[in-house]
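Let's take a friendly walk through this model, from helix packing to the nonpolar cores and a few backbone details. Have the viewer open as you read.

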Amino acid sequence: MRLLIMGPQGVGKGTQAALLSEHYGIPAISTGDIFRYNIKNKTELGVEALKYIDKGELVPDELTNKIVKDRLAMDDAKNGWILDGYPRNASQVEALDAILGELDTPLDAVVALDADHDVLMERMKKRAEIEGRSDDNPEAIAKRLDVYAKETAPLLDIYQKRGLLKTFNGVGAVDEIQATIVAELG
C-alpha cells in the first residue's frame with residue numbers, strides 16, 4: 001500500500017499516518033519529522049531548514065524532493081509507505097510522479113483529512129504548549145494554514161481527477177477516524 005496523507009496542519013495527519021502504518025505494516029514517512037531530526041542534530045540541512053521554518057515558511061522544493069526520493073528508495077519502503085507532508089504544491093506533484101515512475105511504485109490512494117479552521121488553530125496552540133515547538137506560534141500557524149489553502153489544497157483536485165482521492169473528517173475519536181479510513185481503503 002502506497003498512500004499520501006494530506007490535509008492542513010493540525011488535522012491529525014501524523015496521528016492517522018502512525019495508526020495506518022501499524023495497520024498495514026509499512027513506514028509512515030513525515031517530511032516534518034525528517035526536517036526536525038536534521039534540526040535537532042544541527043545538520044547542514046537542518047540549519048538551512050530552520051531559517052525557513054522559524055519564519056513559518058516552507059522548506060524549498062529542491063531540498064524536500066531529494067529527501068523524499070532518498071527515503072522512498074530505502075529497503076523498508078519497498079512494500080509500501082505512507083507519505084505525510086508531501087507533496088505540498090504542483091511542482092512537487094510532478095517531482096513525486098517522476099520519483100514513483102523511477103522506482104516503479106504507483107500511488108494507491110490519497111487520504112485527505114479535513115477540519116474547521118478554528119479547530120486547527122486550537123489544536124496547534126495545544127501542540128505548541130505540549131511540545132514547545134518554535135514553529136507553532138500563532139503567526140507561523142496562520143501563515144502555514146494560508147499557504148496550505150493556496151498551494152496544497154488545490155492538489156486534491158489533481159488526485160480526485162486521477163481517481164485516487166478519499167476524503168475524511170479529521171474531527172472525532174482517533175480510532176473511529178482510523179476505522180473509517182481502513183474500511184474505505186480495504
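At what angle do helix H2 and helix H3 pack, and how far apart are their axes?

## Ground rules

This is a predicted model, in which local features need pLDDT of at least 70 and side-chain atom pairs count only at pLDDT 80 or more, while totals for chains, interfaces and linings use all residues. Residues are numbered from 1 along each chain as its sequence is written, and side-chain values use heavy atoms, with hydrogens and water left out.

## H2 against H3

Helix H2 (residues 31-40) packs on helix H3 (residues 44-53) at an angle of about 115°, and their axes are 7 Å apart. Because of that angle, H2 is roughly perpendicular to H3 (65 to 115 degrees; under 35 is roughly parallel, over 145 roughly antiparallel, and the rest oblique). Axes here are lines fitted to C-alpha atoms, for helices over the stretch in contact, with angles from 0 to 180 degrees between N-to-C directions. Helices are DSSP runs (H or I, at least four residues), as are strands (E, at least two), numbered from the N terminus.

The crossing of H2 and H3 is left-handed, meaning that the near helix is turned anticlockwise from the far one by less than a right angle; clockwise would be right-handed. On the H2 side, Phe35, Asn38 and Ile39 make the contact, and they meet Leu45, Gly46, Ala49, Leu50 and Ile53 of H3 (contact means heavy atoms within 4.5 Å). By class, this contact of H2 with H3 has six nonpolar, two polar and no charged residues.

## H1 against H9

Helix H1 (residues 13-24) and helix H9 (residues 174-185) pack at about 55°, with axes 10 Å apart. That angle makes H1 oblique to H9. Their crossing is right-handed.

H1 brings Thr15, Gln16, Leu19, Leu20, His23 and Tyr24 to the contact, and H9 brings Val174, Ile177, Gln178, Ile181, Val182 and Leu185. The residues of this H1 and H9 contact divide into eight nonpolar, four polar and no charged.

## The nonpolar cores

Which residues have the most contacts inside the largest nonpolar core? They are Leu4, Leu72, Trp81, Leu83 and Tyr159, in a core of 30 residues. A nonpolar core is a set of buried Ala, Val, Leu, Ile, Met, Phe, Trp, Tyr and Cys residues joined through side-chain atoms within 4.5 Å. Elements that each supply at least two residues of this core include strand E1 (2-6), helix H4 (61-72) and helix H8 (155-161). H5 gives the most to this core, with five residues.

Not counting residues up to four places away in sequence, Tyr159 touches Leu4, Met6, Pro87, Val93, Leu96, Leu107, Val110, Leu164 and Leu165. Apart from this core lies another, of 21 residues, among them Leu20, Ala109, Val111 and Leu145.

## Loops and backbone details

Pro87, one of the residues that Tyr159 touches, lies in the loop between E3 and H5.

Lys42, in the loop between H2 and H3, has a positive phi of about 50° although it is not a glycine. At 67% relative accessibility, Lys42 counts as exposed (over 50% relative accessible area; buried is under 20%, and partly exposed lies in between, with a 1.4 Å probe and protein chains only).

The loop between H5 and E4 holds Asp104, a residue other than glycine with a positive phi near 55°. Asp104 is exposed, with a relative accessible area of 67%. Thr105 is found in the loop between H5 and E4, and it counts as buried at 14% relative accessibility. Thr105 touches Arg2 and Leu100, not counting residues up to four places away in sequence.

Notes
Ala, Val, Leu, Ile, Met, Phe, Trp, Tyr, Cys and Pro count as nonpolar, Asp, Glu, Lys and Arg as charged, and the others, Gly among them, as polar.
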